[in-house]
Amino acid sequence: MTSPVLSVYLGNALRSQWDAHCKSQNVRSSTALKEVVVYLLSKNIRPQNFQEIVNTPDTSKVRLELRLSASEYEATKVLAEVTGANVNRYVANLLRSHLTQAPQFHQYELDAVTESTAQLMKIGSNLNQIARAINRNPLETDLARVDLMSDISSHIKDHTRSVAMLIQANFQRWKVK
């Protein structure tokens with residue numbers, strides 16, 4: 001195996017520029033170079049690779065210790081409270097969202113989507129009944145039935161837009177700016 005140490009000849013001009021850059025960033029030149037290598041190699045890592053891993057059923061949990069400043073913790077606590085979660089759940093959902101590029105719903109959001117889906121199922125059942133009645137007696141179809149179908153269709157479209165907006169808002173919540 002080759003040595004884990006990498007030596008690179010930069011020449012005087014490039015080395016001076018590199019040192020000046022590292023000094024302006026308050027980082028050692030070797031640390032900065034390692035960060036560049038890690039960054040370039042990480043371009044091959046795609047978020048979709050994580051989705052399968054993250055979504056694999058696994059009940060075991062691993063503890064992660066995260067150190068934040070007091071002000072960072074307080075800001076995170078406020079964000080967590082706004083979403084109805086505790087800090088641990090908020091941070092876990094934030095990471096899951098970035099790993100999977102998928103929405104991470106809190107319980108109140110899941111409840112809203114569940115209720116919404118139940119309402120949509122009721123509307124669908126009503127539409128089936130109306131369609132069956134119209135098919136039985138196509139000549140007796142009156143304008144009121146057509147208006148009712150149009151009204152139901154409008155409610156379905158409104159519902160679909162509401163759910164789409166909920167999902168989009170969820171994506172925006174977890175989006176890195």
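## Salt bridges

A salt bridge here is a side-chain nitrogen of Lys or Arg within 4 Å of a carboxyl oxygen of Asp or Glu. By that rule, the structure holds 3 salt bridges. One of them joins the side chains of Asp19 and Arg15, at 3.0 Å from N to O. Asp19 and Arg15 are 4 residues apart in helix α1, so about one helical turn separates them. Helices are DSSP runs of H or I with at least four residues, numbered from the N terminus.

## What the numbers rest on

This is a predicted model, where local features need pLDDT of at least 70 and side-chain atom pairs count only at pLDDT 80 or more, while totals for chains, interfaces and linings use all residues. Residues are numbered from 1 along each chain as its sequence is written, and side-chain values use heavy atoms, with hydrogens and water left out.

## How α1 meets α2

Helix α1 (residues 11-24) and helix α2 (residues 29-42) have axes that come within 9 Å and cross at roughly 95 degrees. The axes are lines fitted to C-alpha atoms over the stretch in contact, with angles from 0 to 180 degrees between N-to-C directions. That makes α1 roughly perpendicular to α2, a label that covers 65 to 115 degrees.

On the α1 side, the contact (heavy atoms within 4.5 Å) is made by Arg15, Trp18, Asp19 and Cys22. From α2 come Ser29, Ala32, Leu33 and Val36.

How values were computed. Helices (H or I, at least four residues) and strands (E, at least two) are DSSP runs, numbered from the N terminus. Angles under 35 degrees count as roughly parallel, over 145 as roughly antiparallel, 65 to 115 as roughly perpendicular and the rest as oblique.
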